[in-house]
Amino acid sequence: MLSESAPHYRQPLLKTPFHDRARALCQLDSFIPWAGYTTVDVFTTVEQEYFAIRNSTSVYDLTPMVKYRIAGREAGQYLNRLVTRDIGKLEPGRVAYCVWCNDRGHIIDDGTVFRLSESDYRLCTGERQLTWLLDSAVGFDVDIAEVTEEIAALSVQGPTSCALLKSFGLGGLERLKPFDLADFTVLVESTEVPLMVSRTGFTGDLGYEIWMRPADAERVWDALMEVGRDRALRPIGARALNIARIEAGFLLPKVDFVSAEHTLRVGTERSPLELGLEWLVNFQKGHFTGRRALLEEKRRGPRRRLVGLDIEGNEPAHNALLYLDRSGKRQIGSVTSAVWSPTAKRNIALAMMDAPHITTGLTAWAEIYLNRELVWERRMAPARIVERPFFAPERRRSTPPASY
Amino acid sequence: MNGPRYDCIVIGGGHNGLVCATYLARGGRSVLLLEAAERVGGAAVTREFGPGFKVSACAHLLHLMPHSLIRELSLGTQGLHLAADRMPTTALSEDGYPLSLDVANHGTLEARSSSDAVAYPAYLALLQRLAGALQPMFETAPPRLGTDSWRDRMSLLRLGLRLRALGRPDMRELLRIGGMCVQDLLDEYFETPLLKGALGFDAVLGSNLGPRSPGTVFTLLYRMAAAGAAGGTLALPSGGLGALSNALAKAAIDAGVIIRTEAPVERILVRDDCAAGVVLKSGEPFSAGAVISNADPKTTFLRLLGAGHLDAGFVRRVTHVRARGLTAKLHLALDSLPAFRGLEEGALRGRLLLAPSLEYIERAFNPSKYGEFSTAPILEITVPSGVDPTLAPPGSQVLSAIVQYVPYQLAAGSWEPERERFTNLLIDMLESYAPGLRRSVVSAELLTPADIEREFRVTGGHWHHAELALDQFLMVRPVPGAAQYRTPLEGLYLCGAGSHPGGGVMGVAGRNAARQVLKEAA
């Protein structure tokens, strides 16, 4: 929201409609920029916030997520040509995780497509994509508009999230299956507030995303906090969410891959095949941007692949180089995301690895640098290729979710 | 929806389509050529524009088609005869002393400037040497950059060697002048405005450039290089350019090509991500192993194929192709031979340029940048009936002029309210060079780029289908990913002026495309 009093250059980062509420609770005053907004990195401690995701309910301000309305007679065909997944199969009231590629089959970004009605879709993505979306619209009867500022959103995630949200007023929420969406009206402070709720999230846990008008944002926040007072509801920042998303094996743009539109160096782009996202690529659905290049890559075999690693010890292998053997002579990859998983109790990482070396069970060697009270040490730790996700509780899928 | 099957279907019967179809048929392919109009020829057609008056409706001179192509297709035995060959070029001057550009006839230049008369042959010799070095690149598909293919490498190597063979002084000169504007080059050599205007004319003809636009030395060299294979002379077929198309059509039919006219294609059929045929506007389908489009790139990709079959980045490049025509055509039916002041005997059988100086041309160019037409445009004039009486009723004459700079779309709105005013303005201009011409006008026809778009089905009404300039030539013509006549869609090829080496009734794009198809599609 651009305030009229301050010109844009005096307001380099926008504030979400939840900002004042979040600021009041953010004990560390720890904010980071995200897609042009300022958002909380840590409220109190990362650990407490992380355990709210896994043990009770967390609430995360999702407003900066870039949102596009894609509507019109050929919106479905348009999206099917844009993304690699078969959008033709997406029913109204459903959500799909997607990636889209450039002509060379390199990923531009990932995001979620919400099918709101027969010919009305919403695309949510981490970065602005309007140029590409408009260029892709040549030849299609479709209208595309950015609606980021028109929609505020909260991500409510955790094992008790369904029960909590039902108390908040979302009756029948338990019927929502993963990737379902539905409209609700909730009475908040004697005002009828329309909400759209999707059973989606970035935690790999039971959870929902709540989409609302910015004018209702503070009202909804306050009511949620009130309901959550006795239920260990906790607002969380980006740092805690990052631990959960690595456990769930989800990819983060700019961390696990760089958008092909932003790479400068040859070979730093990533294809869906390299990132282990073959399941998102449907070669049978008809043409989509990058299809011919991806078919060729599939025939040839990807040069490298994203893998999950289980690393010995408890020191996260941040930015570690990976070697074929302990001697560290032959590099075969590098770590993109690493964390000690508090729930799985494993030292996990996501890494890009050269294709010839990838077989589940193979042990590579990670070169980890440790800071021992400002004395740096280097350690070679065995890193075993394992299946992802690292943590996948049954509750993320069960419908209805357990009641608390 | 299969329909009859052919090895190859050529969409569009312009000269490139006809040439391509003939070479494909000679290569043993069954070929169906589909033309939307009632006759083949595209922009090389002769048609009536007044009772008994006929004119080459778009292109009006033959000067770029290589001798080798004319020979290979035996166009001579197919009925192509030249009414005029080695046509002279004369620069008209309002003072009544025109200037011949013929080197052998340099008396008129000598009279204006002895230093120009000395510099002129040296200037021509340099440009011809440089153009000669560029010439081989016309004959083959442009090399792709950054590939491991030996053919691409050999092709680049050949071009490099050819340039190296120019020797150090000429190579340096090519590097120096290659990106320059033609005005700077001509100012280095000459002092006579009339001579510079006439020489600069060919650098900007058919383009969106003025003599002070960078890259106009390149466009001049390119035109000379293309003309080199055609002997560097101007010619007029008996019966106009349509006679050339008729000869090409006969050669095609002799080779076994089946030609269907009045058969506009609605869209290209795709099966399993391969071009599989076409369907006509009438709904009639045809299937084929290869579809070769003589239509311009935007028509081919965006209308006939559809963006949905292409990657978004490729479509973006296609939409960015610069294809706005800036050239109009004026046809006058006259009841007597126009009498241009001071014109030598025989000059009227050649081409007359109305571009008295570079400044005049640049001023003519200026309004076009703002969507306005020039009130003093530049003209290339021919009087074809003077050498080919079949084009006009006995005693009458036909004047055909290319008019530059005429915007595709006027900023002020529609062309219709301006059409008559502009036509009258052109006739007045001609009157001042050929007194009495206005009284002899029986009827007049003006084709703006928008008219050319409609009549000849060329997006933007651009002769070359896509502006011929440094950013749209060789391996980036019309766009990367479609510069070797093949396209991102397997089985779909381009053979028109939008492909290397461009338009101008050359036929080379058609021949190169056929070679590419024969090489790839078994």
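I am working with a predicted model, where local features need pLDDT of at least 70, side-chain atom pairs count only at pLDDT 80 or more, and totals for chains, interfaces and linings use all residues. Residues are numbered from 1 along each chain as its sequence is written, and chains are lettered from A and ligands numbered from 1 in the order in which they are written.

**Chain A against chain B.** I looked up the contacts (C-beta atoms, placed from the backbone, within 7 Å). I found 13 residues of chain A touching 14 residues of chain B. Helices H3 (75–82) and H4 (130–136) of chain A each supply at least two residues to chain A's side. H4(A) gives the most, with three residues. (Helices are DSSP runs of H or I, at least four residues; strands are runs of E, at least two; both are numbered from the N terminus.)

**Domains of chain B.** I noted three, with bounds from an automatic or database domain assignment. Domain 1 is 5–45 + 62–81 + 238–322 + 459–520, domain 2 is 102–223 and domain 3 is 323–456. The centres of domains 1 and 3 of chain B, taken over C-alpha atoms, are 29 Å apart. Between them, 17 residues of domain 1 contact 14 residues of domain 3.

**Helix H2 of chain A.** I checked burial (buried means 20 or more other C-beta atoms within 10 Å of the residue's own, all placed from the backbone). Seven of the 10 residues of H2(A), residues 46–55, are buried, so the helix is largely enclosed by the rest of the structure. Among them are Val46(A), Phe51(A) and Arg54(A). The buried residues of H2(A) pack against elements including strand S3 (37–42) and helix H7 (238–247) of chain A.

Methods:
Contact = placed C-beta atoms within 7 Å. Buried ≥ 20, exposed ≤ 12 C-beta atoms within 10 Å, placed from the backbone.
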